[in-house]
Each structure stands twice: as C-alpha cells, then as structure tokens.
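Please load the model and follow along.

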Amino acid sequence: MIEMKDVYKTYSNGVLAINGISIKINQGEFVYIVGPSGAGKSTFIKLMYREEKPTKGSIVINGIQLENLKEKEVPYLRRNIGVVFQDFKLLPKLTVYENVAFALEVIGENPKNIKKKVLNVLDLVQLKHKARSFPDELSGGEQQRVSIARSIVNNPPVIIADEPTGNLDPETSWEIMRLLEEINNRGTTVLMATHNKVIVNTIRKRVITIEDGKIVRDEARGEYGLYE
Amino acid sequence: MVFMNKTLGRHLREAVKSLGRNAWMSIASISAVTVTLLLVGTFLVIMMNLNNIASNIEEDVEITVLIDRTADQNAQNQLESKLKNLEKVENVQFSSKDQELEKLIKSFGEKGESFKLFEQDNPLNDVFIVKTKVPEDTPVVAEEIKKMRYVENVQYAEETVKKLFEVVNVSRNIGIVLIIGLVFTAMFLISNTIKITIFARRREIEIMKLVGATNWFIRWPFFLEGLFLGALGAVIPITVLVVSYNSLVNIAVPYIQGSFVELLPFSPFVFQISAILLLIGVLIGIWGSLMSVRKFLKV
C-alpha cells in the first residue's frame, strides 16, 4: 500500500514540483498517472522510490516510512519497488539472461535461486528463447519486456513504470500493456505514468491527473484529460 | 562496512576487469606508486641506518676524565667516589696510563709500534671513564666534572654526535616533504583512474542503485581496484630493496668491519621495510579510491 500525506517538493533551484499531494493506493491496484509535461509526474514517481526526498509531508510504502529513511536503508526500500523506464536502461554488454540475473546478483541473492527465478520471469515475458541474445539484437518491445522482467524478478509488491510505451510503436505498446496487466492480475500494484491517451481510454483503470504539482482529478475508472 | 564473503569473488573479478580495461591509467597509477615507494624505501634505508650509526656513537659517548698527575691514591679514591655519586652517572671505570697507552698503540695498528718508545716514560694520564645514564646528559656532566679537584681535563665526542644528529634531522625533514608530495601525486593518479572506472560503469551503478544493491556492494570493486593499484606499485620497490640491500651488505661489510659505522643486518630490517612499503602502497591505493568513490559515486 502506498500513502502520501501533504507532500511538498521544492528543488534546490526553487522550482516547486509537488505542491501538496495526498493520496492512497491500495495493494493490487493499477493506476495511471497522467498530466502535461512538467506537471510533476516524474517527481511524483521519484519520490516513491526515494530518488528524491520530500521537502515536507509523509510517504509510506509497504509500511516503510520514507521521509526519515536513512541513506543506508534506501536499498532495502528499492527491493520492494520495481522500476521500468522509457529507455529500458539495459546493460548492452550483458545478454538478456545476464541483464535479468544482474538485478538478483547485486542484492546478494543465493546463486542457486537465481537461475530458476530468471528463467521463470523470462517465461512470463515470453523471451526464454532470446535468453542468450544481447539487447541490441532485440526489438524495442522485446527490450522493454526484458526491463520489465528485470523489475519483477525479485517479486516486488509494487511496480513503477515511467512512460514504458513512450519509445514504442502502437502495436508493441499493446503488447507491453498486456504484460503489465498480467503482472497486475498476479497481485502486484502497478503505477504507470503515461502520455498515451488511447491506452488510458481503452484499458480503463484508476487515473490520477497531476497538474502544476497538484492532483486535479482522481477517478476510479477515469479517462485521459484534455491534454493532447 | 559489511564484508559479504559470498560476493567477494564477484568484487574481485570486477576490480581485476577494471584494471585491465583502463590498462594505461592503471599503469600510470602503478608507476606513480612505484616511484613514490622507491624513494620512500631509499629514504627509509638511509635514515634508519644513519640513525643506527648515530645512536651507536651516542651510546659510546663516554667522558674521559684525565686525572691530575699530582693526585695520590687517596685523592684518586675520593675523586672516584665523587664521580660515582653524581646522579646522572651510570658507571665509572678506572684505566691506568699504561692501559691507555696500550689502547692507543692498538688503535693505530702497525704504525702504533712507534709509540712503544713511550713505554719507558709514559706521558699519558691515568683516567676515569665515565658513562652517563642518558647520552644527552653527557655535556652537562662533563662540565660538572671539569670543576672537580684533581681533574686535569675532560674529553668527549660532543661535536661529532651533534653534527651527525643535525645531518639526520635535516635530511629527514627534506625527505618527508618530498615523500608527502609524491604520496599525494600517487593518490591523485589512483583516484583519477578509479574515476574513469566509475564513469565507464555509471549505467551499471545506476541500475545497481535502482534494484537495491547496498552501498558497500557498489563500493567494494572500486575499493579493491585502488588496493590492487597500490599493492602492485609496491612490487618493484620491494624487489629492488631486497636485491640491492643484500648486495650492499655483502659488498660493504668487509670494508667497514670494526669501525663504528655498521649497517643494519639484512634480516629483519629488509622485511620490516618491505612491510612498510607494502602498507604505504595499499594505504595510498585505498585512500585514492575512497576519494573518488566519495566524490563521484553518490551512494
């Protein structure tokens, strides 16, 4: 469960990015975060995985209080949150298998479990047959599936996707959406920031609209606002 | 600082990989450490030997008290007990003028034969040889003795010792300044090498942070890389030290035998210096890596 209370974020250059946000997201929800560019979507997301600290207010994720979290505890928070980016952020010199295994290796997972977990998740994203390929040998959609596989291999209760379809053509975007829905159906909370009006209006979920650092709309089965 | 044994192998592999990947920068840093440690090594060998020689002489510092020829046995005994009663004096030894002449003849070796003429009519004095408890007290005690009755004169190697210690001190100061400069140069080069590694691996580091790798897990490979650079830099200096000190001892010992100049024996001296060099190398490496890790790896 995610809960924010009166959260403000002012950057050191004086920009007020989040201007008083309070929100509650339950375990297993699928939530779109929409809004125009520069509205504060990215900051909102960064606050959740503690890339940024709130200037004021409290944030709780999975029972972890973020605002007074010590630096050395941040890694353990991140193990509860899978993050997916528009640009995939795969390591070009590692194979698909190695890219996914990397996420487990660096948190000190027992090597015995790594192989099983990685193959399981590659099966889920339907890329088992490409395990030995390198990222540049894959299509954009396949690369995003690898990055999703990496984000869920550790079984986090929450996935945050920052414009996961931003670099993909419509066909491939549906593929990624089906995958995210499937992950959501298994009980994982999915937060997805997006500009894709068609997706938001077709796969109907809760929509939180952010504008000027504030939540201006929060609808259980919402629509993309007036932004083009 | 959590040391995870199960991941040590991984950190070592990463560190070694980086050494190879930035081969030229690695070589530059290793060379800087090598030059630094060569100088530190040479310096330490010279300083410790000079110090040893100086303290040998210093320990030998004894005051020769020439007894006035007019003193009879009674006066001599009185003088001896007075000397022994001095607070700073460790022991007092009597040496007759005949013994003194014998010593003199011996010290001149074959040429000393000519002094044998004096055996009939010895011009030397009977002496007391006085040793102080602490070498530094020698001048004070000597002054005190000079004022006593039946003392014709006192002799001690004041100037020699003073000058030697001056030389030791001045060269030590010059050496220290030089070495500090070199140590910083080496540290700077190592920290730059590691900066390059960090830059080359910034994507990996970004992902490690994202998926929740602990800070020490991220730091360890860089830490080890610095340590290796420092330790590898110590290899040549230690080799040079062992080989050259060994030959120095072999060549020099026959010449200087019997004189107050003596070299510290090969063992354990060389092993101690080697350990010091390795330690300094490793510390330079670790310090250099910590500098860039702190600055460029915001974990």
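Which residues does N62(A) touch, not counting residues up to four places away in sequence? The residues in question are M1(A), N80(A), P157(A) and V158(A), where contact means that the C-beta atoms of two residues, placed from the backbone, lie within 7 Å.

Before going further, a word on conventions. The model is predicted, so local features need pLDDT of at least 70 and side-chain atom pairs count only at pLDDT 80 or more, while totals for chains, interfaces and linings use all residues. Residues are numbered from 1 along each chain as its sequence is written, and chains are lettered from A and ligands numbered from 1 in the order in which they are written.

N62(A) sits in the loop between β4 (56-61) and β5 (64-65) of chain A; helices (H or I, at least four residues) and strands (E, at least two) are DSSP runs, numbered from the N terminus. N62(A) is partly exposed, because 14 other C-beta atoms lie within 10 Å. The cut-offs here are 20 or more other C-beta atoms within 10 Å for buried, 12 or fewer for exposed, and partly exposed in between, with C-beta atoms placed from the backbone. Q27(A) is 35 residues away from N62(A) along the chain, and their C-alpha atoms are separated by 8.8 Å.

Most residues other than glycine have a negative phi, and most peptide bonds are trans. K89(A), not a glycine, has a positive phi of about 55°, and E163(A), not a glycine either, has a positive phi of about 45°. K89(A) belongs to the loop between β6 and α3 of chain A, whereas E163(A) belongs to the loop between β7 and α6 of chain A. K89(A) has 17 C-beta neighbours inside 10 Å and so counts as partly exposed; E163(A) has 20 and so counts as buried.

**Helix α5 of chain A**

Helix α5(A) covers residues 140-152, 13 residues in total. From its first C-alpha to its last α5(A) reaches 19 Å, close to the 18 Å expected at 1.5 Å a residue, the expected span being 1.5 Å times one less than the number of residues. Eleven of the 13 residues are buried, which leaves α5(A) mostly covered. Among the buried residues are R145(A), I148(A) and I152(A). The cover includes β6 (81-85), α3 (96-105), α4 (111-124), β7 (158-162) and α6 (170-185) of chain A.

**Two helix pairs**

Two packed helices are described by the angle between their axes and the distance between the axes. In the table, axes are lines fitted to C-alpha atoms, for helices over the stretch in contact, and angles run from 0 to 180 degrees between N-to-C directions.

| Helix pair | Axes come within | Crossing angle |
|---|---|---|
| α5(A) and α6(A) | 9 Å | roughly 15° |
| α8(B) and α10(B) | 7 Å | roughly 145° |

The angle in the α5(A) pair makes α5(A) roughly parallel to α6(A), a label for angles under 35 degrees. The crossing of α5(A) and α6(A) is right-handed, as is that of α8(B) past α10(B); right-handed means that the near helix is turned clockwise from the far one by less than a right angle.

From α5(A), residues including G140(A), Q144(A) and I148(A) meet residues of α6(A) that include T172(A), I176(A) and L179(A). The residues of this contact divide into five nonpolar, four polar and two charged. For these classes, Ala, Val, Leu, Ile, Met, Phe, Trp, Tyr, Cys and Pro count as nonpolar, Asp, Glu, Lys and Arg as charged, and the others, Gly among them, as polar.

In chain B, α8(B) spans residues 215-233 and α10(B) spans residues 266-296. Residues of α8(B) including F222(B), G226(B) and L229(B) meet residues of α10(B) including G281(B), G285(B) and S289(B). By class, the residues of this contact are twelve nonpolar, seven polar and two charged.

**Other points in chain B**

P268(B) lies in α10(B), and the peptide bond to P268(B) from S267(B) is cis, with omega near 5°. F94(B), in strand β2 (residues 89-95) of chain B, touches E80(B) and F128(B), not counting residues up to four places away in sequence.

Notes:
Angles under 35 degrees count as roughly parallel, over 145 as roughly antiparallel, 65 to 115 as roughly perpendicular and the rest as oblique.
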